[in-house]
Amino acid sequence: MTVTDVQQQSANGVGSQRRVLVVEDEPTIAESIAARLGAEGFRVAVSHDGPTAVDCFQTWQPDLVVLDIMLPGFDGLEVCRRIQAQRPVPVLMLTARDDETDLLVGLGVGADDYMTKPFSMRELAARVNVLLRRVERAQLAARTPAGGTLRLGELEIDHVQRRVRVSGGDVHLTPTEFDLLACLAQQPRAVLTREQLLAEVWDWTDASGTRTVDSHVKALRRKIGANWIRTVHGVGYALESPTP
């Protein structure tokens, strides 16, 4: 398989030449994604199978990966594992099935967000921009000696180093999971609606994305412990110290 480097400079240069690797085995979908992101000002490389995607990631050093789950060679979950082992990078995963198990597994191997086919190219471009802005905010926070460590019982959130510990042990979170936890921790025990979390963490105001919030909460619970996040049915979530 070959890798095609697509470069289109938009009038306003929104992408600022940030690099996006698109891994999708269906040529029509891959070309449509590449064209839309190219129009946004991104440089885009396209790969159509798992092994080529991993090789391209290593040599081309993208800033973000748009990754389909179903791929020849080996699947997108294995691609995600391998690239995250090389270098942490935001991953937007694409899936043809609205299967919660697939979504949770994807989030568990390092994906930051997901979209279910079919999807709008406008929304995909918006999600890509949101993920890259989140990386920029994290880099800025790492250079800013402020924020300190928030402690809630046995939970510690270090905003400067973006590290989380539970009962003294490190918990490895994706950038999205960290931002979700930090958002809940800003108001401990207060219930935040799914729409509030979607707007704060994802910069996304379309209520149709609230399932994304639910999936990330489930993935976060798996890592820090289910009792840390309380569900208020029909409303949202709250972070609180578990009852002994």
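How exposed is Glu-156, in terms of relative accessibility? At 23% relative accessibility, Glu-156 counts as partly exposed, a class that lies between buried (under 20% relative accessible area) and exposed (over 50%), with a 1.4 Å probe and protein chains only.

## Basis of the model

This is a predicted model, in which local features need pLDDT of at least 70 and side-chain atom pairs count only at pLDDT 80 or more, while totals for chains, interfaces and linings use all residues. Residues are numbered from 1 along each chain as its sequence is written, and side-chain values use heavy atoms, with hydrogens and water left out.

## Sheet 7-8-9-10

Four strands form an open sheet in the order 7-8-9-10, with antiparallel pairing. Strands (E, at least two residues) and helices (H or I, at least four) are DSSP runs numbered from the N terminus, and two strands pair if DSSP finds at least two bridges between them. Strand 7 (149-152) and strand 10 (169-171) are at the edges; each has a single partner strand, so one side of each lacks a neighbour in the sheet. From one strand to the next the twist averages 25°.

Strand 8 (residues 155-158) and strand 9 (residues 163-166) run antiparallel and are joined by four bridges. Leu-155 has Val-166 in strand 9 as its bridge partner. Helix 6 (residues 175-185) lies across strand 7, strand 8 and strand 9, at about 110° to strand 8. Such angles run from 0 to 180 degrees between N-to-C directions, and axes are lines fitted to C-alpha atoms, for helices over the stretch in contact.

Four bridges connect strand 12 with strand 13 (residues 236-239), and Ile-229 has Leu-239 in strand 13 as its bridge partner.

Helix 7 (residues 194-202) packs against helix 8 (residues 210-224) at an angle of about 85°, the axes being 9 Å apart. The two helices are therefore roughly perpendicular, a term that covers angles of 65 to 115 degrees. In the contact (heavy atoms within 4.5 Å), residues of helix 7 including Leu-197, Leu-198 and Trp-202 meet residues of helix 8 including Val-213, Asp-214 and His-216. By class, this contact has four nonpolar, three polar and three charged residues.

## Salt bridges

A salt bridge is a side-chain nitrogen of Lys or Arg within 4 Å of a carboxyl oxygen of Asp or Glu; by this rule the count comes to 17. Lys-117 forms one with Asp-68, with the closest N and O atoms 3.4 Å apart. Lys-117 lies in the loop between strand 6 (113-116) and helix 5 (121-143) and Asp-68 in strand 4 (residues 64-68), so the pair ties together parts 49 residues apart in sequence. Both Lys-117 and Asp-68 are buried.

Glu-156 and Arg-165 meet through their side chains in a salt bridge (3.9 Å, N to O). Another salt bridge joins the side chains of Lys-223 and Glu-177 (2.8 Å, N to O). Lys-223 is in helix 8 and Glu-177 in helix 6, so this pair ties together parts that are 46 residues apart in sequence. Lys-223 is partly exposed, at a relative accessible area of 28%, whereas Glu-177 counts as buried at 0% relative accessibility. Salt bridges that share partners join Arg-151, Glu-156, Arg-163, Arg-165 and Asp-170 into one network.

How values were computed: Angles under 35 degrees count as roughly parallel, over 145 as roughly antiparallel, 65 to 115 as roughly perpendicular and the rest as oblique. Ala, Val, Leu, Ile, Met, Phe, Trp, Tyr, Cys and Pro count as nonpolar, Asp, Glu, Lys and Arg as charged, and the others, Gly among them, as polar.
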